[in-house]
Amino acid sequence: MKVLIAGGGTAGHINPALAIAGEIRLRQPDADITFVGTPTGMESRLVPAEGYKFETMNVAGFQRKLNFTNIKRNFKAAWYLATSGRRAKQIVKKIQPDIAIGTGGYVSGPILRKAAQMGVPIIIHEQNAYPGVTTKALSKKAKKVMLAVEDARSRLDENLPIAITGNPIRHDIMTYDKGRARKELGVDDRPLILSFGGSLGARRINEGMLELLCRSAQDGRYNHIHGYGQYGHFVMDELAARGVDPEKCDNLDVREYINDMPRVMAAADLVICRAGAITLSELQAIGKPAILIPSPNVAENHQYHNAMALVRRGAADIIVESDLTCELLNEKADAILSDTEKLRAMSESSHNMAITDACSRIYDIITEVLSQEK
């Protein structure tokens, strides 16, 4: 079986693609799998590291806010768009895949569109509750449109061949024991808050977290692990200015990166974070209550829609970034962590939303589509 997988730009597109490839490799070790991504995106590093073939093509999105820099970027994006069809044809002709799979990102569009034109069956996977432009554009050409959440169905043509598969979740996320995790982290019986804004760091989340970190340093009410990200070093300076040294507080763990996410997520009682699709699927898989602060700087405001899918089911609370204050964050965290029944109910609601066999469902769809093409 020859498989072409297109997806990239962000971890939210790359990790599902890698998870799907891993399932194919597990079921069919002799499968020939090739990825397509951009030469400078995260995929150019992550995909080859996993041992997969990797083809590159230049694609970029158009900038809506016009200034001199963005106008130059738009000229480049237009050139990439003009040449993408030819490059996509070269790749599809070279690989001659039996099936092409798209997981989103700018690169998915031209590759899957050309594959469909050349008679290759295509399937697409949408991670978000609000389908992106690429998914909507390709959906009518796809043999199957795989959605992570039911909420996305109403935003697509009702006649499409839709399947609810969930998002592929890392095995270690689902299997890490909470007691073991807390013991390894040296966490006592006090509630543990885990907060982060991504690898780069979300400034508004970092700012909002300062008061809660300072208060925990003073009254010791909570254990707290916070990842401030690459551009969040001001957090440490601000804590120092307020007389807080996390190194001297046995209940605070403040760091740039959270490299042991399966462990800290397992140990947590409450998670405060953005509303990226994969993160939310991980929270659901292990039933973690959350306060979600969706990023407003994403296409179609899809993180808000992701978050609301959980909020409507009682699995999470939400703070829109424009409303975020230290006081509101403290109030919501206290309301959840002080109410054992609320914690239990949120955890149960979150876990009830989980789809933990997404990789298996997606593999079954791949084999189903291939069998129909014979």
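In what order do the seven strands of the open sheet stand, and is their pairing parallel or antiparallel?

1. Please keep in mind that this is a predicted model. The strands of the open sheet follow the order β3-β2-β1-β4-β5-β6-β7, and they pair in parallel. The edge positions belong to β3 (53–56) and β7 (162–164); each has a single partner strand, so one side of each is left without a neighbour in the sheet. On average, neighbouring strands are turned by 25° against each other, direction ignored.

2. Do have a look at the β2 end of things. Strand β2 (residues 32–37) runs parallel to β3 and is joined to it by four bridges.

3. Helix α1 (residues 11–27) lies across β1 (2–6), β2 and β4 (99–102), at about 170° to β2. Helix α4 (residues 108–117) also packs on the sheet, where it touches β1, β2, β4 and β5 (122–126), and its direction makes about 155° with that of β5.

4. The largest nonpolar core is worth a visit: it has 32 residues, and those with the most contacts inside it are Leu194, Phe196, Leu283 and Leu292. Elements giving two or more residues to this core include β8 (192–196), β11 (270–273) and α12 (302–311). Helix α10 gives the most, with five residues.

5. Leaving aside residues up to four places away in sequence, Leu283 touches Met265, Val271, Cys273, Lys288, Ala290, Leu292 and Ser350. Apart from this core lies another, of 29 residues, including Tyr222, Val254, Ile293 and Leu324.

Definitions and conventions
Residues are numbered from 1 along each chain as its sequence is written. This is a predicted model: local features need pLDDT of at least 70, side-chain atom pairs count only at pLDDT 80 or more; totals for chains, interfaces and linings use all residues. Side-chain values use heavy atoms; hydrogens and water are left out. Two strands pair if DSSP finds at least two bridges between them. Axes are lines fitted to C-alpha atoms, for helices over the stretch in contact, and angles run from 0 to 180 degrees between N-to-C directions. Contact means heavy atoms within 4.5 Å. A nonpolar core is a set of buried Ala, Val, Leu, Ile, Met, Phe, Trp, Tyr and Cys residues joined through side-chain atoms within 4.5 Å. Buried means under 20% relative accessible area, exposed over 50%, partly exposed in between (1.4 Å probe, protein chains only).
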